[in-house]
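Biologist: Could you take me through how strand pairing and salt bridges are read from a model of this kind?

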Amino acid sequence: MRKIWHQITENLIPGFRRRLSGVDALPQLAVLGLLSGLITGGVILVFRLAIEWPLEYFLPGDGSESFEELDLLTRGLLPLAGALALGLFLHRLATHDRKVGIVHIMERLNYHQGYISGRSAAVQFITGVTTVVTGQSAGREGPAVHLGAAFSSLMGQWMRLPNNSIRTLVACGCAAAISASFNTPISGVIFAMEVVMMEYTIAGFTPIILAAVSAAIVTQAIYGSEPAFSVPALTMNSLIEIPWILAIAVIIGVAAALFIHLVDTMGRYHHRPVLLRVTVCGLLMVPFALLIPEVMGIGYDTVDLAIHGHLAFWLLLGAGIAKLVITSLTIGLGMPSGVIGPTIFMGATLGGAMGLIGAQIAPDIASSVGFYAMLGMGAMMGAVLQAPLAALMALMELTRNPHIMLPGMLIITTASLVTSELFGKKSLFLTILKSQGLSYQNSPVIQALRRVSVGAIMDRNILRTERHLTAEAARKILKSEPKWLVVEGSNGPTALLPAVDLARYLEDAEELAAEKGTEPTDTVDLMEIPANRRDVAPVQYQATLEEALEVFDDTSVEALYVQRHVAPMIQRVYGIVLKSDIESYYQYRRS
């Protein structure tokens, strides 16, 4: 047994990590994607139960979303009390611990290689459950994405995987969370790549698809195979409706731009104390909860009624506008609410209202209200997130009706164009990142460098040696034919020199001694002999090529030695990386 364990820890696991350092570790990434999906599916199940179980007992009537049936006093006090509790909870946390949601995931991907802490996951779980249970205008998908990404990242950190693999695991967790929440695996995959990673790679598709599928299977085992909404058969009755669909696209695009603008505007108050901001969110929520209780909580019961045409025009319009205003104000002020659910709510209600207007104008040819509600959902999601493909896939999977694809493509792309080109708005997540003074670098060069770790290109043919050697010890070192010598100092490696320079020095010293008829020198100082020495700095084994380049820029050294922490106070050096190696690798891959 000890021998088997030794083989696993000394050969199998290091080999697994080494393969993951490159871009072609598809089987290994597939295994990780499968594990990520299973873990995320389980986490999302617990998260959904934590929301639904108290609401089913607390709320009157059937289901876990009937906030409308609460009495007026409870409707007014519940969100206010919840906001106060959240404000006090967030007030006790450090500023960096308060960050949750999809924006935080993008920040961790861009600046921290996808490393997410368990503390962050715990804060997201508590705030995600509290916002929905206390009737804030919130969704569960944003928190679910954070939880899926966090637990997948923690799995990679626990396995001590290279950073490029942890980035892929984060994307797997995002896809699995969307898949488990809506039972829509395809849109989960596209969402992770289009919204979070902002890149499409062949190597990335396989693990992310496996994560989305395995998470969907886990949730289907509990909630069944039906999608999040019960959608009737929806078709476009006539091509004459296309101009009206384009008009709705413009209206949805304007609404999405207004939503993003309000969130950005309210973000300017982030310097205020968090307790004050979140309490104001609770006070703002009170009149909306009293007058239009449909905006409380996730609101998928209202979306379902809109799809089936059971809501009147003014209720649809009022609920849609109210949801847009209160959600943008509270999220902008710092309420840790998910945004995907409210986006779907706004699109469904506004789309349904436009459908009723169309039915009044041309009752003989207009399609059903549910048809326009579904189109509105897709259009609002695509415009707010600037993710038309993810919205289109969600629309197709939720309706399971290929006939909605043509009008869906038209309205989603048009609404997205109106928001981005007519009003100059970027996606909501990028807008929030910018308001925080952050950016998301997704240039092809940066993305290529992030996909590979230093372990994939480092030169392992090295030998660590002391600075002062005897000539005999130096010859003994050269017999092992290393390419590089890493010279040790008092605090770790201090220089790097080619082994061929030491060999040349020894040879020259012998020839010179023979000419003079004397004995060659018996001591060698590797820092004094003629050699092409290079200054060195450490870089961790898990680092990507982007991180390695940052170390080169920060330290101005000529080479990096790749090390890993193997025991307390012990760092093992595995290889060296030159800047030219990184440039050659990228140029080779590009060609």
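Modeller: Two strands are said to pair if DSSP finds at least two bridges between them, strands being DSSP runs of E of at least two residues and helices runs of H or I of at least four, numbered from the N terminus. Here strand 3 and strand 4 (residues 492-498) run antiparallel and are joined by six bridges, with A495 in strand 4 as the bridge partner of V487. This is a predicted model, in which local features need pLDDT of at least 70 and side-chain atom pairs count only at pLDDT 80 or more, while totals for chains, interfaces and linings use all residues. Residues are numbered from 1 along each chain as its sequence is written, and side-chain values use heavy atoms, with hydrogens and water left out.

Biologist: Is strand 3 mostly covered or mostly open?

Modeller: A residue is called buried under 20% relative accessible area, exposed over 50% and partly exposed in between, with a 1.4 Å probe and protein chains only. Strand 3 (residues 484-489) is mostly covered, since five of its six residues are buried.

Biologist: Which salt bridge does R464 form?

Modeller: A salt bridge is counted when a side-chain nitrogen of Lys or Arg is within 4 Å of a carboxyl oxygen of Asp or Glu, a rule that gives twelve salt bridges here. R464 meets E488 in one of them, at 2.4 Å from N to O. Because R464 lies in strand 1 and E488 in strand 3, the pair ties together parts that are 24 residues apart in sequence. R464 counts as partly exposed, at 38% relative accessibility, whereas E488, at 15%, counts as buried.

Biologist: Where do the partners R467 and D525 lie?

Modeller: R467 and D525 form a salt bridge whose closest N and O atoms are 2.8 Å apart. The pair links distant parts of the chain, 58 residues apart, with R467 in the loop between strand 1 and strand 2 (468-470) and D525 in strand 5 (residues 523-525).

Biologist: Which residues are linked in a network of salt bridges?

Modeller: R48, E52, R140 and E141 form such a network. Within this group, E52 and R48 meet at 3.6 Å, N to O, and both are buried.
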